[in-house]
Amino acid sequence: MHKQLSHSVLPLLQATVELTVMNPPGYPAEAFPLQGVWHDGFPAQPAGSAVQYTTVNITNDPPKDHIIWSLCCFVYSNPLCLGLAALIYSIKARDRKVAGDLEGARHYGATARCLNIVSTVLVVTMIVIFIITIIVIVEVSKRAFYSHNGYDRYDRYDRYPYYGH
């Protein structure tokens, strides 16, 4: 009885799945007899009807290991050894990808990306602070030089304001 029940339910389930694919939501459904009768090799389809199939190609992009970015962070800017840590995680991500563990490769790649971002932000911040510090030092040196030699940038015509007038 169990085998007979499963064979009688199977064509109905297949017909339901095929009708759902053929009649997407928003389109009127045509009346098809839901019977377990085989016509032209397909269950529960009227004779002569064409079944439309949609093929969806899903490309699984391989996980990124960010190894070039990690190498640049390691060689050119390695604050707090973050470039080295990012390089290690990038190599682990590449090893996991070669071994076929795509989820592990994504995990290690995401960690390498975060470490590279932190390293890059720290280096850019340090470079900006360094440039601002150099500009301030040069301006303070100019001002000290001019005031020590008796020149004032804002009062050029009156060198000695306390003597004279």
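Visitor: How exposed is Tyr108?

Guide: Tyr108 is partly exposed, with a relative accessible area of 24%; buried means under 20%, exposed over 50%, and partly exposed in between, with a 1.4 Å probe and protein chains only. Tyr89, at 27%, is likewise partly exposed. This is a predicted model, in which local features need pLDDT of at least 70, side-chain atom pairs count only at pLDDT 80 or more, and totals for chains, interfaces and linings use all residues. Residues are numbered from 1 along each chain as its sequence is written, and side-chain values use heavy atoms, leaving out hydrogens and water.

Visitor: How is a pair of aromatic rings described?

Guide: The distance of the centres and the angle of the planes describe such a pair. Rings of Phe, Tyr and Trp (its six-membered ring) pair if their centres lie within 6.5 Å; planes under 30 degrees apart are stacked, over 60 edge-to-face, and the rest tilted. One aromatic pair is counted here. The ring centres of Tyr89 and Tyr108 are 5.8 Å apart and the planes stand at 40 degrees, so the pair is tilted.

Visitor: Which residues of helix α2 are buried?

Guide: In general, an α-helix has 3.6 residues a turn, so residues three or four places apart point the same way. In α2 (residues 67–76), Ile67, Ser70 and Cys73 are buried; helices are DSSP runs (H or I, at least four residues), numbered from the N terminus. On the other side of α2, Ile68, Val75 and Tyr76 are exposed.

How values were computed
Helix = DSSP H or I, 4+ residues; strand = E, 2+ residues; numbered from the N terminus.
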